[in-house]
Structures are given as structure tokens and as C-alpha cells.
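Let's take a friendly walk through the charged side chains of this model. Keep the structure open as you read.

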Amino acid sequence: MPDLTEYKCPACGGAMEFNSKLQKMKCPYCDTEMEVEEFQELHSQANTSDSTNQWTKEETAGIHIYICESCGGQIAADGSTGASACPFCGSPVIMSGQFSDDLKPDYIIPFKLDKKEAKAAYQKHLQGKNFLPGIFRSENHIDEIKGIYVPFWLFDTDATADMKFNGERIRTWTSGDTEYTEHEFYQAQRTGEIRFSHVPADGSKKMDDILMESIEPYDFSEAVPFQSAYLAGYLANRYDVSAKERLKRARERILRSTEISFEETVQGYHSVTTQDSHITLHNTSSVYALYPVWLLNTTWKNKKYTFAMNGQTGKMVGDLPFDKQAFWKYVAIRGVLIGTILSALTCILRLL
């Protein structure tokens with residue numbers, strides 16, 4: 001059976017959690033605080049049997065059963081779950097085998113924002129939405145808010161590009177009663193190299209790629225070497241999509257970014273279009289990291305809406321219901337107002 005790790009407070013024996021505000025480990029029972037590195041070292045000394053063995057294929061497949069060290073309850077989790085909470089006593093637990101050996105992340109960006117701030121960001125996200133159903137704010141309810149470390153592959157690569165662009169300049173002038181327009185066409189060529197660092201692509205099948213990309217960017221300068229103590233109090237998944245599989249999506253983003261970067265250097269034209277593009281990637285490498293995400297699920301009229309917040313920056317994204325009746329009412333009112341103004345102007349002109 002895979003190992004289950006629970007981080008106990010050295011003072012009272014309660015379950016320690018990583019506190020995003022303090023950026024330290026803190027016991028919610030006796031308020032004991034410790035630096036992550038200090039606590040990790042203490043825990044490692046106390047638990048010399050911490051997962052170091054390679055799992056077999058049979059162990060990593062399907063559903064796993066874990067035993068909570070606090071209450072003895074059984075916890076069921078799928079093969080990609082790396083951190084959770086005991087459903088019986090609520091103690092935060094880590095499936096430590098999920099992050100051992102080749103599955104161990106290289107880096108982690110710790111949570112900087114807590115659940116309270118995630119709720120506030122959600123309420124702010126609802127503000128200023130003109131065509132949001134009026135009763136949505138009061139009738140929808142948050143089914144769950146969970147902080148989860150999402151696995152990401154981060155790619156470094158050099159892109160060498162040879163590109164040709166068509167530029168157009170337009171000049172207009174008037175001579176007598178005639179207006180002239182002149183179009184001049186030019187060709188510009190750009191050749192060079194651009195370096196990309198830590199281009200992210202989520203490594204979880206459970207996460208929507210577009211949703212995860214929408215809450216970017218993350219500041220990798222705040223990433224630290226992975227220590228499992230950071231997972232205490234949060235959910236976490238290990239990757240179930242390989243770096244090789246994720247490279248395809250990262251490559252698409254890199255190629256597009258390269259084209260945009262080179263096109264921005266072609267200036268002095270009214271319009272610029274790409275005529276030809278040859279881009280090659282080389283010196284490509286990847287690292288495995290966990291990034292913090294708050295996920296909020298709400299229900300309204302039996303339909304679920306999912307929102308995601310960057311646990312480092314607070315950027316919130318998510319789809320909202322659209323009130324068609326309110327939209328067409330707005331269009332109708334605007335139409336009446338514009339019609340009234342035009343009629344009034346017509347009457348004034350006739351009187352002059």
C-alpha cells in the first residue's frame with residue numbers, strides 16, 4: 001500500500017499546515033510556527049521510512065486506499081492524487097509515494113493567497129458584469145473551494161527564426177476636388193534567435209488547458225525547490241501527462257510568441273502581414289513543478305460553473321451565465337434613446 005504522510009505538530013501532535021500568509025508551517029491547534037525547511041528536516045528525522053522505493057505498475061494503477069494516521073479512517077484516492085484531507089477527521093495528509101523518485105517535482109510555488117481571498121476575488125469577479133442575471137449573485141452558491149497544487153511542465157528552449165513580412169504604407173492627399181490614395185508595399189526580413197524560459201503546460205488530464213493558461217502568468221522567481229511540507233493543508237495532483245506529450249502544446253505557444261515578437265520589430269507601416277515563417281527549436285529541456293490554484297465550483301439553475309484563481313497573483317477567470325433578456329432590453333433602450341435624440345435634432349434643424 002502506498003505511504004501516507006501526515007505532518008504532526010512537534011508541540012501538541014496536531015496536524016500542521018502550510019500557512020500562505022506566514023509562508024511557514026503552523027499548527028491550527030496550538031499556533032506553533034516553524035520554517036518549512038526546519039520542519040521538513042525535523043519530520044524527515046522522525047520518519048526515516050519516508051517513501052524512497054519505486055512503485056510497481058500495479059500500485060500506481062486505479063484506486064488506492066490510504067489509512068489516516070490520526071483516526072485510522074480509510075481514504076480512497078486515484079493514482080494522480082498527491083495530497084488530500086481525511087474525510088473523517090479533516091486532517092491534511094500527503095500521499096508521499098506520489099512524489100517520490102521520478103515523480104518528485106523539481107520546484108513548487110507556494111500559495112500566497114488563502115481561501116478568504118479566493119472568495120473575495122470571486123465576488124469581485126461578479127462586479128461590473130452588465131448582462132449577468134440579477135439574481136445570480138444571490139441565488140448561486142459556492143459548492144466548494146479547494147486549493148490545489150497543479151502539476152506543470154516548464155520548458156526552456158531556443159527559437160531560431162527566419163521570417164518575411166509584407167508591409168503597407170498608405171498616403172492620402174487632395175488636389176482640387178480629387179482625393180488620391182497611394183499604397184506602397186514593402187518586404188521586410190527578420191532573422192534571429194529568442195530564448196524562452198519556463199513556458200508552462202499543465203500536466204494533469206483533470207485540468208482544462210485553456211482555464212490553466214488563462215490564469216497565467218506565474219512569477220517563477222518565487223519558486224523554491226520542492227518540499228512536501230508545502231502540500232500540507234492543500235490538495236495536490238502528480239502529473240499524468242508526460243513532458244513529451246505536453247511539449248506539443250508548449251511548442252504551439254512558443255512558435256506563436258516567436259512570430260509576434262519578430263513581427264513587432266517591423267515598424268513604420270500601416271499594416272504588417274507574415275509572408276513566410278521558418279522557426280526551429282533547439283536546446284529544449286523541461287522541469288516538473290507544482291503551481292498553486294484555487295478552484296471554485298458554483299451551481300445555479302442546476303448548472304455548474306467553475307472558476308480558477310492563480311494562488312500566487314490572485315488573477316481570477318471563469319465563465320458566467322448570460323442574461324439574453326437583459327441584453328436585448330439594453331439594446332432596445334439604447335435604440336429608443338438614440339431615436340429620440342435624432343428626432344429632436346431633426347426638429348431643431350427644421351426650426352433653424
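A salt bridge here is a side-chain nitrogen of Lys or Arg within 4 Å of a carboxyl oxygen of Asp or Glu. With that in hand, look at Glu-216 and Arg-253 in this predicted model: they form such a bridge, and their closest N and O atoms are 2.7 Å apart. Glu-216 sits in the loop between H5 and strand S11 (224-225), while Arg-253 belongs to helix H6, so the contact ties together parts that are 37 residues apart in sequence. Glu-216 counts as buried, at 13% relative accessibility, whereas Arg-253 is partly exposed at 25%.

Asp-209 and Arg-246 meet through their side chains at 3.2 Å, N to O. This pair links distant parts of the chain, with Asp-209 in helix H5 (residues 209-214) and Arg-246 in helix H6, 37 residues apart. Arg-246 is buried, with a relative accessible area of 12%. Both residues also belong to a network of salt bridges that includes Asp-202, Glu-213 and Arg-249.

Staying on helix H6, which spans residues 243-263, you will find Lys-248. Lys-248 is exposed, with a relative accessible area of 62%. Its C-alpha atom is separated by 9.4 Å from that of Ala-201, 47 residues apart along the chain.

Glu-182 and Arg-171 form a salt bridge whose closest N and O atoms are 3.3 Å apart. Glu-182 lies in strand S10 (residues 178-202) and Arg-171 in strand S9 (residues 141-175), so the bridge ties together parts that are eleven residues apart in sequence. Glu-182 is partly exposed at 27% relative accessibility, and Arg-171 is partly exposed at 44%. The structure holds eleven salt bridges.

Conventions
Residues are numbered from 1 along each chain as its sequence is written. This is a predicted model: local features need pLDDT of at least 70, side-chain atom pairs count only at pLDDT 80 or more; totals for chains, interfaces and linings use all residues. Side-chain values use heavy atoms; hydrogens and water are left out. Helices (H or I, at least four residues) and strands (E, at least two) are DSSP runs, numbered from the N terminus. Buried means under 20% relative accessible area, exposed over 50%, partly exposed in between (1.4 Å probe, protein chains only).
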